[in-house]
Amino acid sequence: MKHILIATALVLFVMTGIPYEVKARTITDMAGRTVTVPEKITKVYGTSPPATNLIIAVAPGKLAAHNTPLRQGEKKYADPRILNLPVVGGWFGQGQTPNMESLMTVRPDLVLVWQNRLSLKNVDVEKALKPLNAPLVFVVMDHVSDYPKVFRFMGKLLGEEQRTESLARYAEKTLADMKTLKANLPENKRLTVYYAENDDGLSTECTDSMHTELIPLCAGVNVHRCRTNYGYGMDKISMEQVLLYNPQVMVTHSLPFYNGLFSDTRWKSIRALKDKRVYLIPRDPMNWFDRPPSFMRLLGARWLAHCFYPEKYPWNPEKETKAFYSLFLGYNLSDDECRELFRP
Amino acid sequence: MTLITVDRVSFSYNGTTVLHDVSLSVGKGDILSVLGPNGSGKTTLLKLILGLNKPLKGDVLLERHPVKSLQPRILAQRIAYVPQIHHMAFSFRMLDVVMMGRIPHKPFFFRYGKDDKHLAESAMDRLNILHLKDRPYTAVSGGERQLCLIARALAQGARTLVMDEPVGGLDYGNQIRLLSIVRELAREGYTFIQSTHFPDHALWMAGRVLMLNKGRVVAEGMAEKAVTSESLSELYRVPMDVTQTMCGVTVCVPEEMRG
Amino acid sequence: MTKPAFTLSAVTILLALAALGSLLLGRYPVSLTDVGHFASWSFHGCPPGNGQDMDMLRNILLDIRLPRIIGAVLVGAALSVSGTAYQSMFINPLVSPGLLGVLAGASFGAAFSMIFFHSLLSVKICAFGFGCAAVGLSMLLARMYNGDRLLMLILGGIVSGAFFTALLSVVKYLADPYNQLPAIVFWLMGGLSSVSMDTLASLWVPVLLSLIVLTALSPYMNALSMGDEEARTMGVPVGLVRTTIIVCATLMSALTVVLAGIIGWVGLVVPHLTRMLTGPDNRILIPASALTGALYLLAMDDLSRMLFTVEIPLGILTALCGIPFFVLVLKNARKGWS
């Protein structure tokens with residue numbers, strides 16, 4: 001009887017010309033919207049690099065396309081399944097938009113949008129993606145502390161609960177470690193930190209910027225006390241202002257800056273330089289600290305906390321890094337590769 | 001004595017021949033007026049003499065030396081150019097404009113000296129415009145500008161002045177004043193080659209005339225011989241009458257005006 | 001004392017005062033007494049306070065402020081003099097040093113180096129190299145066609161500038177949007193914050209030499225602004241002089257890019273301002289615009305580092321101040337040129 005019913009239904013479908021309907025389910029995304037998504041999701045497109053990176057962490061096999069070509073450093077650690085995906089662009093940087101036709105060719109069955117309090121253009125994304133006829137799912141990850149929730153949400157969405165549970169646990173461990181570290185450090189014992197951006201080291205971010213989230217998380221105090229008034233950041237700052245801040249520690253992502261720093265007479269009076277406490281952020285496959293803000297920060301936080309307070313936060317760089325790369329990127333680092341990551 | 005010889009010169013510009021086989025010679029103290037309708041090649045001929053255009057065929061000689069092989073500063077010491085009054089982007093002082101005439105007498109890197117200033121001032125004085133030396137060039141009248149350019153040519157020390165329509169844009173009084181200065185200077189031994197649209201002026205200067213039509217020399221000779229009713233009528237394609245007035249002055253009158 | 005001599009000495013004195021004043025200005029509080037102490041310490045070797053303070057003072061005065069002041073003076077002078085020289089040579093008061101594409105080329109060079117090589121030295125070399133290459137290209141293009149040499153040069157400059165601007169867009173498109181693109185954007189806004197004594201030590205000689213050569217050629221610039229042919233009949237070796245002017249102006253502009261990135265409007269506004277002070281005679285105008293340009297950029301840079309805790313990029317400031325100023329200057333400029 002049951003078989004007959006199914007057979008009849010199938011016949012009816014074919015006869016009425018209704019296309020094969022995938023089974024769907026209804027979910028509530030992280031922005032609180034109710035979305036109908038396919039039961040089985042195989043191709044997900046992220047509208048910006050943070051969203052795309054999230055997909056890569058959770059289910060690399062389900063990524064539909066890239067926003068930008070993979071950099072050399074990214075290629076090395078990339079899952080073979082994402083190496084040859086098409087590049088269709090996305091909404092990021094200074095007003096870039098994806099190539100709609102390439103995106104239509106890719107035909108993702110789900111679009112993942114990073115909802116950021118600063119990106120007011122989400123509505124536009126929704127409108128622009130209408131012809132794609134794929135459901136839009138919003139994720140919220142403004143803070144590192146959002147990661148456990150984001151991972152679990154993604155796991156449920158993509159049917160990867162087992163994997164995301166371990167990712168979420170990792171994130172929770174990082175967050176808990178940092179909380180303990182902070183609890184043991186009274187405000188006045190915390191290090192003052194200057195985040196040097198750009199090749200001249202004279203751009204930085206305000207205290208409340210999402211770009212410097214790791215500094216307070218790792219019990220540091222960002223010296224550039226201000227409120228961001230726009231999302232892009234990279235405030236220019238004068239050498240004398242840095243001298244006035246006189247930070248105890250400096251963190252930078254710029255290799256040319258780091259290389260020239262110790263021979264530059266202008267910087268020599270700064271405490272961080274005198275104490276030789278300038279740290280170059282590891283940047284493969286993605287920056288561990290910022291730009292792009294990614295899950296790499298979960299490892300970055302542990303690294304940075306150890307840089308800041310080696311006694312209070314003992315850490316085995318090789319072991320931990322290898323574990324993280326294997327868990328998040330599915331890549332087994334050799335000893336040499338691991339050392340290479342930390343080498344300026 | 002022949003100073004400048006133009007020897008069977010042809011010149012073309014972007015494939016169009018502008019001058020055909022033009023020859024002329026100018027002696028010291030001559031005033032040569034080049035007459036011809038618009039586009040007949042007058043300015044081109046002047047530029048050939050100034051070494052600004054290189055002849056396609058033939059040669060321009062300054063005392064037997066081809067002009068094209070002379071260094072600009074050597075040439076500038078001998079031949080000066082008095083351009084048509086032009087619009088100038090910057091309002092230099094009159095004295096500064098005249099001082100530029102001293103450049104050919106200076107080494108490559110130089111500053112003007114006291115003697116340069118003195119020479120420039122005396123050239124201005126010679127033309128009675130010394131009182132204008134601190135005025136901006138852009139703020140004086142057309143006639144004064146033309147005098148300023150002549151003063152520059154004098155300061156340049158050249159004895160030959162090539163003038164492109166020197167009276168163009170001047171009022172009647174200034175035209176006559178300018179012509180008499182030219183005559184005076186010619187008497188002192190200066191040589192003039194000028195293009196002009198006024199055959200009367202050529203007659204009045206009592207110099208020589210070269211008539212150009214479509215890049216060819218159609219008449220040449222002393223003004224009173226070459227400027228005739230026939231040659232003018234042919235040159236400008238307007239019936240002209242060249243007659244003597246009762247006081248012996250030759251004038252050109254359009255036939256239509258005679259009624 | 002003649003009027004131009006008076007103007008020149010007045011501006012020189014002002015510039016000297018401004019340079020000394022700038023030594024006292026900055027986010028880090030340094031008083032005149034501190035500077036006095038520091039001077040006596042440097043000359044006599046007896047620190048009035050403790051030695052630590054003197055080290056800090058030396059760091060601020062000699063390592064941070066002095067290079068910036070010298071940088072502002074060099075860049076301001078170089079840009080204004082190349083602007084003045086170009087304006088005279090092209091007989092056009094609306095011309096700026098970027099006319100032949102040097103700034104477009106240098107921008108591309110710097111951006112190119114930022115994404116393909118990763119050293120500060122390569123950025124400088126590429127900015128300089130491509131700045132010169134862009135001017136070379138416009139001169140080459142100008143030679144390809146017959147006709148008015150000046151007009152052809154300007155057209156060549158437009159083509160070359162547009163070409164390198166397009167290449168810059170390509171590089172910007174290729175740049176990674178997290179670090180490289182913002183680095184390029186900020187670099188293009190210009191600024192003196194990364195000027196160091198080392199850079200200055202290698203650049204001041206060519207800048208000063210070009211300044212001297214252009215000053216020496218200033219009588220020819222007067223003649224050139226009567227037009228090429230007229231200048232030639234006055235014995236000016238036009239081709240040689242023009243090439244020398246272009247080479248010197250290009251060299252200087254490209255070096256300003258190496259020092260401070262793209263600083264716009266100085267090369268356009270300052271020549272006008274100076275011309276209003278001294279008149280159009282290049283013999284006075286060229287040295288005077290070097291001095292006023294230096295003074296102007298020094299003041300702008302002081303503003304840029306003093307106004308907020310955050311530094312305003314110098315290029316933005318010169319544009320913001322330059323444009324309204326330019327409107328005013330144009331309104332009153334009938335006196336200097338018409």
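Two residues are in contact here if their C-beta atoms, placed from the backbone, lie within 7 Å. Helices (H or I, at least four residues) and strands (E, at least two) are DSSP runs, numbered from the N terminus. What you are looking at is a predicted model, where local features need pLDDT of at least 70, side-chain atom pairs count only at pLDDT 80 or more, and totals for chains, interfaces and linings use all residues. Residues are numbered from 1 along each chain as its sequence is written, and chains are lettered from A and ligands numbered from 1 in the order in which they are written.

**View 1. A helix across the sheet of chain B.** Helix α1(B), residues 42-49, lies across β1, β2 and β4 of chain B and runs at about 125° to β1(B). The sheet itself is open, with four strands in the order β2-β1-β4-β5 and antiparallel pairing; two strands pair if DSSP finds at least two bridges between them. At the edges sit β2(B) (16-27) and β5(B) (65-66), each pairing on one side only.

**View 2. Strand partners in the chain B sheet.** Start with β1(B) (residues 2-13) and β4(B) (residues 57-62), an antiparallel pair held over five bridges. Look for B:I4, which stands opposite B:L62 in β4(B), and for B:D7, which faces B:D59 in β4(B). Moving along, β4(B) and β5(B) pair in the antiparallel sense over two bridges, with B:L61 opposite B:P66 in β5(B). These two strands, β4(B) and β5(B), form a hairpin with two residues between them, and B:E63 in the turn has a positive phi of about 45°.

**View 3. Helices α5 and α11 of chain C, side by side.** Here α5(C) (residues 120-144) packs on α11(C) (residues 238-260) at an angle of about 150°, with the axes 9 Å apart. That angle makes α5(C) roughly antiparallel to α11(C), given that angles under 35 degrees count as roughly parallel, over 145 as roughly antiparallel, 65 to 115 as roughly perpendicular and the rest as oblique. On the α5(C) side, the residues that meet α11(C) are C:K124, C:A127, C:F128, C:G131, C:C132 and C:V135; on the α11(C) side they are C:I246, C:T250, C:S253, C:A254, C:L255, C:V257 and C:V258. Sorted by class, the contact of α5(C) with α11(C) has nine nonpolar, three polar and one charged. For these classes, Ala, Val, Leu, Ile, Met, Phe, Trp, Tyr, Cys and Pro count as nonpolar, Asp, Glu, Lys and Arg as charged, and the others, Gly among them, as polar.

**View 4. Helices α12 and α13 of chain C.** In this pair, α12(C) (residues 266-278) and α13(C) (residues 282-306) pack at an angle of about 125°, with their axes 9 Å apart. That makes α12(C) oblique to α13(C). Among the residues that α12(C) brings are C:V266, C:V270, C:P271 and C:L273, while those from α13(C) include C:I284, C:L285, C:A288 and C:Y296. The contact of α12(C) with α13(C) has 10 nonpolar, five polar and one charged residues.

**View 5. Where chain C touches chain A.** Of the two pairs of chains in contact, A and C share the most contacts. Chain C puts 29 residues in contact with 32 residues of chain A. On the chain C side, the elements giving two or more residues are α3(C) (51-89) and α7(C) (180-189), and α3(C) gives the most, with six residues. That side of chain C divides into 13 nonpolar, 10 polar and six charged residues.

**View 6. Where chain B touches chain C.** This contact takes 23 residues from chain B and 22 residues from chain C. By class, the chain B side has 16 nonpolar, four polar and three charged residues. Chains A and B, meanwhile, do not touch: their nearest C-alpha atoms are 41 Å apart.

Notes
Axes fitted to C-alpha atoms, helices over the stretch in contact; angles between N-to-C directions.
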